[in-house]
Amino acid sequence: ITWFDGKKFKPVNYRGRQLSSITHFAKSPDGRIWVSTLTDGLFRLERGEIRFESNIFPDHQSIHSFAFINDNELLIGSGSGLLHGKPGKTPGTDELQIINNFPVSKVPVIKKVRNGSGFYIVTENEGIYTLKKDSILFAVKKIETDDAFNFTDIQSLCEDNQANLWIGSFRNGLIKLIPGPDGERTIVFFNKSSGFVTDNVKTVYEDLEGNIWSGNYGEGLTQI
């Protein structure tokens, strides 16, 4: 990991320890930055250092994404489904539960809905879902498109300022989902067949001016 101190990029201090692969970054409601590792749990990142004393969920295997519901609850995307987590006050007291009615699939992306409550949950090969928490219950609903497209090899998701969803995928390129009045979404493809630069998009981002950028696997950046 590297961090920017306002003047230059610097390597993050690991205090001589080794960690498994870094998988995701997210901000907690109190504004702190957290980082997930594949097999060593989550850590808080402060002033260029990994705070090892903040480690939560250290014994869970295969964490690919996460997002905070509130100060005391998280959603965690694993290699085999979606989990609801509650950090404990002392080491070894963290709680993790499987969220039912959700596919047993890798969850590479969890994104908070931009203007509303709930989250977008992206599975690698079983589609994209919305999730809302009502008290202790989770409502999970699959996003449907007008042509019943099967989403596979999904890598990333971005909701733009018009509520369109931009999805980065391997093999199908960049996919745009446009919301319709009936709840279904119209699908538009940006791939080599349509004249786009690549079929393999690793990440998608909207800048401050509303431009959409794709980070292409082995083929640079593209502004849409």
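A residue counts as buried when its relative accessible area is under 20%. The views below show a predicted model.

**View 1. Strand E16 and its two faces.** Strand E16 covers residues 165-169, and five of its five residues are buried. In a regular strand, side chains alternate between the two faces of the sheet. In E16, Leu 165, Ile 167 and Ser 169 point one way, while Trp 166 and Gly 168 point the other way. The residues on both sides of the strand are all buried.

**View 2. The four-stranded sheet around E16.** Four strands make up an open sheet, in the order E15-E16-E17-E18, with antiparallel pairing. The edge strands are E15 and E18 (185-190), each of which pairs on one side only. From one strand to the next, the twist averages 20 degrees.

**View 3. Pairing of E15 with E16.** Strand E15 (residues 154-159) runs antiparallel to E16, and five bridges join the two. Ile 154 has Ser 169 of E16 as its bridge partner. The two strands form a hairpin, with five residues between them.

View 4. Ala 163 is located in the loop between E15 and E16. Most residues other than glycine have a negative phi. Ala 163, although not a glycine, has a positive phi of about 70 degrees. With a relative accessible area of 30%, Ala 163 is partly exposed, because this value falls between the limits of 20% for buried and 50% for exposed.

**View 5. Pairing of E16 with E17.** Ile 167 has Ile 175 of E17 as its bridge partner. E16 and E17 form a hairpin with four residues between the strands. In this hairpin, Arg 171 adopts a positive phi near 85 degrees.

**View 6. The loop at Phe 57.** This view turns to the loop between strand E6 (49-56) and strand E7 (63-70), where Phe 57 lies. Phe 57 is not a glycine, yet its phi is positive, at about 55 degrees. The relative accessibility of Phe 57 is 2%, so this residue counts as buried.

Technical notes. Residues are numbered from 1 along each chain as its sequence is written. This is a predicted model: local features need pLDDT of at least 70, side-chain atom pairs count only at pLDDT 80 or more; totals for chains, interfaces and linings use all residues. Side-chain values use heavy atoms; hydrogens and water are left out. Buried means under 20% relative accessible area, exposed over 50%, partly exposed in between (1.4 Å probe, protein chains only). Two strands pair if DSSP finds at least two bridges between them. Axes are lines fitted to C-alpha atoms, for helices over the stretch in contact, and angles run from 0 to 180 degrees between N-to-C directions.
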